[in-house]
Amino acid sequence: MDLARIGIRAFITYVYLLIAARSSGKRTVAEATPFDFVLALIMSDLIDDALWAEVSFARFVAASGTLFVIDVIARLMESRSETAYWLLNGRPTIVLANGRKKADGLRREQLNDDDLAHLLRNEGIDRRHEVRLAVLEVDSQLSVIRNREHEPVTSRERDLVDEALA
Amino acid sequence: MDWAQLAETAGRAALVYVVMLAVIRLLGKRTVGNFTVFDLLVALMLGEVVDEIIYGDVTMAQGMTAIVVVAAAKYATQWLTYISPTLNKFLEGKPTEIVRHGELMRDALRSEMIHEKEAMASLRLKGITDIREVKTAVLEVDGEISVLKEEWAEPLQRADVLGGKPDNDEPPPEKRTDTPEALGAV
């Protein structure tokens with residue numbers, strides 16, 4: 001295969017990926033679930049065989065098009081049905097409730113004490129007793145909800161701040 | 001154009017989609033995200049082995065064997081690191097403290113091969129402009145730097161200003177989005 005053809009094939013695959021990425025309506029990589037991520041890997045992996053002409057473009061389109069269509073159907077289902085959403089993405093897991101570890105949640109996610117400490121440090125949490133609920137979300141990020149009294153003061157409490165300062 | 005071959009490719013792709021979804025769901029949320037380089041490598045590996053399956057370079061049975069073995073090994077590793085702190089430290093590494101009470105730990109930075117400027121940039125990304133506000137900054141096993149602030153550098157909390165007075169702004173239950181039920185969490 002001569003260099004010009006490689007160049008043309010590389011350019012076509014690039015444009016194809018660009019269109020696929022834009023039309024998937026996907027959020028950023030950081031917000032993607034583990035499966036979104038692996039699916040993106042599969043897509044990019046399918047394409048290099050087409051680029052090197054080891055498979056025809058027709059077969060590449062059959063393969064990636066199928067994945068794309070199934071994924072769109074899956075996303076339509078999960079946006080319309082809560083059950084489908086939980087089935088495809090898993091459920092968020094409570095790892096800390098009222099400052100105490102939730103052993104069953106941690107076991108389900110195979111998180112040991114070091115992992116939990118790491119997740120909490122990432123969120124800047126030092127004092128666990130201030131946490132009402134810490135939840136490992138389906139995209140593997142930790143969300144932390146503090147007890148109300150430990151939430152930061154907002155402008156709503158301006159009077160109280162003035163009073164406290166006076 | 002060989003339509004039968006195209007149909008077979010499409011069928012294999014569909015099957016791979018279902019299998020990979022099942023594998024990722026069984027492995028749990030650790031596969032990618034806040035976790036280690038090794039977690040990422042396994043995700044890359046699983047993503048890389050399937051093109052031969054889809055294009056029929058290997059049989060379905062061969063492909064599934066590879067996927068199942070990698071997934072099972074990953075699951076076993078996760079479980080072993082979960083039950084054994086020693087193995088956890090060996091496989092995932094240890095976090096390193098790089099700032100303590102406002103002072104950069106220069107030896108730690110040197111042994112982690114991080115330049116001071118890089119460390120300061122990580123702190124800026126966390127909104128720290130005055131290093132004295134940092135109680136401890138830790139280089140985590142996933143390469144991120146986490147920051148815990150000194151108590152005096154943290155925002156005032158409601159309890160600080162309420163001073164025992166009743167909280168009159170409690171949101172009504174139906175407005176709350178943070179109950180376990182609303183989260184759908186288990």
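This report walks through the chain A–chain B interface, a sheet and a helix pair in a predicted model.

## Ground rules

Residues are numbered from 1 along each chain as its sequence is written, while chains are lettered from A and ligands numbered from 1 in the order in which they are written. As the model is predicted, local features need pLDDT of at least 70 and side-chain atom pairs count only at pLDDT 80 or more, but totals for chains, interfaces and linings use all residues.

## Where A meets B

Chain A puts 52 residues in contact with 59 residues of chain B (contact: C-beta atoms, placed from the backbone, within 7 Å). On the chain A side, α2 (34-51), α3 (57-80), β1 (93-97), α6 (113-122), β3 (131-136) and α7 (158-165) each supply at least two residues. Helices here are DSSP runs of H or I with at least four residues, strands are E runs of at least two, and both are numbered from the N terminus. The largest share, nine residues, comes from α2(A).

## The helix pair

The axes of α2(A) and α3(A) come within 9 Å and cross at roughly 170° (axes are lines fitted to C-alpha atoms over the stretch in contact, with angles from 0 to 180 degrees between N-to-C directions). The two helices are therefore roughly antiparallel, a label for angles over 145 degrees. Among the residues that meet are A:L39 and A:I42 from α2(A), with A:F57 and A:F60 from α3(A).

## The sheet

Four strands of chain A make an open, antiparallel sheet in the order β2-β1-β3-β4; strands pair if DSSP finds at least two bridges between them. Five bridges join β3(A) to β4(A), and A:L133 sits opposite A:I145 in β4(A).

Conventions
Two residues are in contact if their C-beta atoms, placed from the backbone, lie within 7 Å. Angles under 35 degrees count as roughly parallel, over 145 as roughly antiparallel, 65 to 115 as roughly perpendicular and the rest as oblique.
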